[in-house]
Amino acid sequence: MAFGDRPIADAPHFRPLVLCPLAAEASALRRPLVRAGLGAARVLITGMGSACAEVARTALLGDSRPSLVVLVGTAGGLADTPPALIAEEIVDADGRLLGRTFVPLTNAEGPGRRRIAGLTGPVSSIAAKARLAAASGAVACDMESAEVLGVCRQAGVPLAVVRGISDGPHDALPREVLGFVDLQGRTRPGRVLATIIRRPELLAVLLPLARRTRHAMAEAAELVVQVLHAHPRGASAAPPAATTDTAAGPPADATVDLDPAADGTAERGRP
């Protein structure tokens with residue numbers, strides 16, 4: 001979908017594609033993009049996890065090949081960070097570098113490289129976040145960036161990753177939250193209401209989480225504007241190659257869920 005009718009940029013070859021796993025994340029971009037004159041950006045709601053990479057693959061094979069892919073959405077924080085960040089490196093759960101991403105030549109705040117751990121499943125508990133942070137050196141984790149990075153690398157299209165931090169390293173995320181959206185990334189209000197009726201104590205967690213998420217996505221939207229404005233001004237047309245000491249690409253089975261299931265096993269894959 002496109003927001004508004006204003007031209008996205010004067011550069012004739014500037015064709016960005018914005019991917020949002022969740023509908024609420026895409027909605028958070030609407031006003032900031034229109035306000036910045038980027039209202040015609042192509043924004044796709046993809047669904048979570050591997051579904052996002054499949055949408056990216058289909059879009060990159062289409063007739064209107066994007067010049068830049070921007071992955072935008074919320075992520076779990078593994079360290080103290082700003083409310084939103086532009087990732088510089090994507091790593092697996094053990095800290096092996098899967099690839100570097102496009103970072104605009106702007107005053108993106110924060111020293112050093114910002115690492116995102118790309119996983120195939122959620123990390124919900126405080127203990128699991130601490131283990132992942134120690135093993136990966138990442139400041140945040142998500143379920144899309146590793147696979148989307150692989151798709152973009154194969155297509156020769158640069159990828160930027162912008163993440164709003166919805167829950168920090170000391171926040172436990174109720175597993176019920178993963179059932180609040182459907183496979184297309186859209187909120188399931190009936191499931192939300194039923195869960196709250198069944199477990200009203202979750203409101204003490206869900207309400208602050210919702211507030212943090214709104215704030216994080218507002219900050220992320222401003223970073224997306226930075227990325228889109230910076231890209232036509234001289235970014236490379238191809239994503240950087242992996243360095244020689246890295247893992248060879250981001251296969252789906254290279255990432256794990258460090259959160260144990262009730263039976264002690266590790267849950268894997270997309271919820």
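I started with the largest pocket and listed its lining: 37 residues, with Leu22, Thr74, Val177, Leu209 and Thr213 nearest the centre. I note that this is a predicted model.

I then looked up the volume of the largest pocket, which is about 980 Å³.

Which elements supply at least two residues each of the lining? I found helix 1 (23–35), strand 3 (68–77), strand 8 (140–142), strand 9 (159–167), helix 5 (189–198) and helix 6 (203–230). Helix 6 gives the largest share, 8 residues.

I sorted the lining of the largest pocket by class and got 24 nonpolar, 6 polar and 7 charged residues.

Next I turned to the whole chain. I counted 6 helices and 9 strands in the protein chain. Of its 271 residues, 50% are buried.

I looked up contacts with a separation of 6 or more; residues 24 or more positions apart account for 80% of them.

The accessible surface of the protein chain comes to about 12,300 Å². Carbon and sulfur atoms hold 56% of that surface.

Last, the cysteines. I looked for disulfides and the count came to 0. Cysteine 20 is in no disulfide, and the nearest cysteine sulfur, that of cysteine 52, lies 8.6 Å away, whereas the cut-off for a disulfide is 2.5 Å.

Is cysteine 20 buried or exposed? I read 0% relative accessibility, so cysteine 20 counts as buried. I also checked cysteine 141, which is buried with a relative accessible area of 8%.

Definitions and conventions: Residues are numbered from 1 along each chain as its sequence is written. This is a predicted model: local features need pLDDT of at least 70, side-chain atom pairs count only at pLDDT 80 or more; totals for chains, interfaces and linings use all residues. Side-chain values use heavy atoms; hydrogens and water are left out. Helices (H or I, at least four residues) and strands (E, at least two) are DSSP runs, numbered from the N terminus. Buried means under 20% relative accessible area, exposed over 50%, partly exposed in between (1.4 Å probe, protein chains only). Contact means heavy atoms within 4.5 Å. Accessible areas come from the Shrake-Rupley method with a 1.4 Å probe; for residues, only the protein chains shown count as cover. On a 1 Å grid over the protein atoms alone, a cavity is a set of points where a 1.4 Å probe fits but cannot get out, and a pocket is an open set with protein on both sides within 12 Å along at least five of seven lines; lining residues have an atom within 4 Å of a point. Grid points are joined across faces, edges and corners, and a volume is the space filled by probe spheres set on the points. Ala, Val, Leu, Ile, Met, Phe, Trp, Tyr, Cys and Pro count as nonpolar, Asp, Glu, Lys and Arg as charged, and the others, Gly among them, as polar.
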